[in-house]
Amino acid sequence: MRNAWHPTDTKYGIQNTRHERPLMPTVVEPPLFFLDYDGTLAPIVDDPAAAVPHPEAPDLLRDLDAQFPLWIVTGRDLQALSSFLDRPYSAIGLHGAQEGVVGRDIHNRMSDEAAAALRRLRASVPSVDGLRVEDKARSFAVHYREARDESGARDQLKDWLADLPEVLDAIWGKKVVELRPDGLTKGTAVRRIAAQHPDHVPVYLGDDVTDEDAFAALQEMDRDAVSIKVGPGDTRADARLDGPDAVMAYLRRYV
Ligand SMILES: O=P(O)(O)OC[C@H]1O[C@H](O[C@H]2O[C@H](CO)[C@@H](O)[C@H](O)[C@H]2O)[C@H](O)[C@@H](O)[C@@H]1O
């Protein structure tokens with residue numbers, strides 16, 4: 001059913017998150033897709049280098065991309081993301097600091113000052129048992145998912161970042177901390193791209209803390225938009241899907 005709005009859809013595991021906005025979308029047209037990668041198109045796994053897409057994702061993404069504007073919106077580096085996505089999708093990387101095409105042309109929006117601050121911090125990551133550093137173009141992430149003492153590792157990382165330069169923000173995601181250039185978020189990216197598609201309905205699916213910036217940006221725009229949180233946890237999104245399986249079922253309805 002197209003352009004239909006229902007309060008709940010138990011078949012696909014969709015639930016409303018906010019009772020004051022009781023209508024939630026099943027399918028809207030014409031959609032402008034914004035899709036987060038980890039936790040949305042790919043299940044969360046211990047090793048970030050092993051986060052392959054959900055088995056249905058490659059075909060679905062190809063079919064959606066052929067019909068609608070579609071952007072991958074991720075914290076990952078877009079060059080590295082090409083090892084998981086076999087096609088040159090339009091994409092936002094590094095939580096808003098990159099814009100371009102997966103594995104191809106990538107425009108870096110990060111200031112030289114922020115890049116220099118990141119280089120300095122990269123050289124001083126504390127040595128903690130079980131920490132995994134994921135290097136990215138001009139940036140990096142510190143994962144503590146495999147630390148034996150997770151909360152101890154997190155505390156040490158907090159101490160390390162106590163005097164963060166003003167040009168950077170620390171973002172605490174799923175057992176990871178990352179440094180993002182101040183003022184560049186998934187929200188700023190989504191606002192910019194949505195403005196280029198005034199006749200489409202933005203549909204954003206994401207699972208983590210930086211996706212909340214995008215949900216907020218869409219809700220602040222004076223237009224219809226759909227925000228869907230994937231998985232548990234507080235959110236300002238309008239609706240929720242249980243996980244990548246439910247994401248695939250939801251997206252399948254558009255093709
Ligand atoms: O914006 P996203 O596409 O959701 O990317 C956010 C970060 O995701 C990755 O880390 C997370 O997923 C890993 C693989 O499942 C998991 O091991 C880790 O604990 C999660 O935090 C990725 O490694 C980061 O670079 C992304 O910024």
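In this predicted model, 13 residues of domain 1 are in contact with 11 residues of domain 2. On the side of domain 1 that touches domain 2, α2 (78-81) and α6 (209-220) each supply at least two residues. That side is made up of five nonpolar, six polar and two charged residues.

The two domains divide the protein chain as follows: domain 1 comprises 30-43 + 54-109 + 184-252, and domain 2 comprises 112-181. Their centres, taken over C-alpha atoms, are separated by 24 Å.

The ligand is surrounded by 23 residues, and the closest are Y37, D38, P48, T74 and G75. Two strands, β10 (139-143) and β12 (176-181), each supply at least two residues of this shell.

The table sets out the classes of residue in the two groups described above.

| Group | Nonpolar | Polar | Charged |
|---|---|---|---|
| Side of domain 1 that touches domain 2 | five residues | six residues | two residues |

As to confidence, the protein chain averages a pLDDT of 91, and 91% of the residues score at least 70. Over residues 19-23, however, the pLDDT is below 50, and this stretch has five contacts in the model beyond near neighbours in sequence. The scores for the model are ipTM 0.99 and pTM 0.93.

Methods. Residues are numbered from 1 along each chain as its sequence is written. This is a predicted model: local features need pLDDT of at least 70, side-chain atom pairs count only at pLDDT 80 or more; totals for chains, interfaces and linings use all residues. pLDDT is the predictor's confidence in each residue, from 0 to 100. Two residues are in contact if their C-beta atoms, placed from the backbone, lie within 7 Å. A residue is near a molecule or strand if its C-beta atom, placed from the backbone, lies within 6 Å of it. Helices (H or I, at least four residues) and strands (E, at least two) are DSSP runs, numbered from the N terminus. Domain bounds come from an automatic or database domain assignment. Ala, Val, Leu, Ile, Met, Phe, Trp, Tyr, Cys and Pro count as nonpolar, Asp, Glu, Lys and Arg as charged, and the others, Gly among them, as polar.
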